[in-house]
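Please look at the sequence and the structure first; the discussion follows.

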Amino acid sequence: MTTVFESKHVQDLLHRASGKDQKDGDPRFKEIMYDLLSGLFQTIEKHNVTEDELWKAVNFIGEASPELGLIVPGIGLEHYMDVLMDEADKKQGITGGTPRTIEGPLYVEGAPLSQGEAVMSDKEDDGEVLMMEGVIKDTDGNPVPNAMVEVWHADTRGFYSHFDPTGLQADFNNRRRIQTGADGKYKFRSIMPVGYSVPPNGSTDRLMKAMGRHGSRPAHIHFFVQAEGYRHLTTQINIADDPLVYDDFAYATREELIPELNRTSDHAEINFDFELVPNS
Ligand code: MBD
Ligand code: FE
């Protein structure tokens with residue numbers, strides 16, 4: 001059976017709607033629009049999407065715009081970009097190094113800078129103290145001197161500074177930049193983060209529920225690691241004993257990024273070395 005999509009009329013419509021019949025416009029963009037529209041048109045026909053459903057979707061996207069940064073990881077798109085970059089590296093023979101994983105939408109530029117070590121949290125009166133340290137290394141295991149480690153994570157309620165709906169956190173709480181020395185060592189003291197959840201009843205939450213999913217992440221800590229002559233690394237580590245460690249709504253968990261967590265009577269410790277890949 002032939003589809004309406006395949007008809008000459010609709011094929012011509014797509015051609016014109018994507019600007020492919022115009023000499024102006026960006027050729028690459030037109031091809032991408034053509035393919036996106038093709039997928040959308042075919043999906044609508046295949047599932048007999050009604051006009052009501054279409055406008056419901058359009059209105060959803062309109063309202064969801066402040067949360068699009070959460071929806072992109074939630075639908076696996078941000079992780080997919082990582083998978084593509086991993087695959088491209090493999091093809092070029094680039095191996096080794098700490099695996100990348102998604103940045104997410106909650107990074108803020110300009111965190112306080114310190115040398116070698118940092119205290120992450122403004123207040124330490126609640127939660128478990130977390131000490132994390134390690135070495136920035138090259139792929140031969142030698143320390144990389146003068147690296148920049150940027151760290152950000154949530155607080156004990158799963159909220160990030162600058163995005164805290166309660167307004168209870170100062171700017172740059174749990175956000176630091178650590179400049180390492182010749183030994184490549186970094187170290188910080190913080191308060192154990194709790195996993196993030198998307199705003200209750202917000203667009204992302206409703207989207208996830210419509211798919212029978214949740215909008216929560218295991219407790220995690222974000223990193224950018226940079227040094228001259230090496231590739232910028234965007235990654236995260238997970239807190240090993242979080243029940244959602246293999247059930248992240250953003251799909252960022254990777255086996256190599258779940259360091260052992262050591263708990264003593266008064267604090268938790270993580271030792272984790274980052275391995276940087278040289279620029280090619
Ligand atoms: C986060 O804290 C996060 O890291 C990602 C990827 C998405 C939502 C919240
Ligand atoms: Fe996060």
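How many bridges join strand β7 to β8, and do these strands run parallel or antiparallel? In this predicted model, β7, which covers residues 220-226, is joined to β8 by six bridges, and the two strands run antiparallel. Within β8, the residue that stands opposite H222 is Q236.

**The sheet**

Both strands belong to an open sheet of five strands, ordered β1-β5-β4-β7-β8, in which the pairing is mixed. The edges are taken by β1 and β8 (233-238), each of which has a single partner strand, so that one side of each is left without a neighbour in the sheet. On average, and with direction ignored, neighbouring strands of this sheet are turned by 25° against each other. As a general point, strands of a sheet pair through backbone hydrogen bonds, either parallel or antiparallel.

| Strand pair | Sense | Bridges |
|---|---|---|
| β1 (residues 113-115) and β5 (residues 175-179) | parallel | three bridges |
| β4 (residues 148-153) and β5 | antiparallel | five bridges |
| β7 (residues 220-226) and β8 | antiparallel | six bridges |

**Helix α5**

After α5 comes G93, whose phi is positive, near 80°.

**Domains and annotation**

The protein chain is divided into domain 1, residues 8-49, and domain 2, residues 72-276, and the centres of these two domains, taken over C-alpha atoms, are separated by 39 Å. An unreviewed UniProt entry lists residues 132-160 under "domain: Intradiol ring-cleavage dioxygenases". Over residues 132-160 the chain is 0% helix and 45% strand, with the end C-alpha atoms 19 Å apart.

Which residues lie around ligand 1? They are L70, P73, I102, G104, P105, L106, Y196, R217, A250 and A252. Divided by class, this shell around ligand 1 holds eight nonpolar residues, one polar residue and one charged residue.

Terms used
Residues are numbered from 1 along each chain as its sequence is written. Chains are lettered from A and ligands numbered from 1 in the order in which they are written. This is a predicted model: local features need pLDDT of at least 70, side-chain atom pairs count only at pLDDT 80 or more; totals for chains, interfaces and linings use all residues. A residue is near a molecule or strand if its C-beta atom, placed from the backbone, lies within 6 Å of it. Ala, Val, Leu, Ile, Met, Phe, Trp, Tyr, Cys and Pro count as nonpolar, Asp, Glu, Lys and Arg as charged, and the others, Gly among them, as polar. Helices (H or I, at least four residues) and strands (E, at least two) are DSSP runs, numbered from the N terminus. Two strands pair if DSSP finds at least two bridges between them. Domain bounds come from an automatic or database domain assignment. Axes are lines fitted to C-alpha atoms, for helices over the stretch in contact, and angles run from 0 to 180 degrees between N-to-C directions. UniProt positions are given in the numbering used here, feature names are shortened, and annotations may be inferred rather than shown by experiment.
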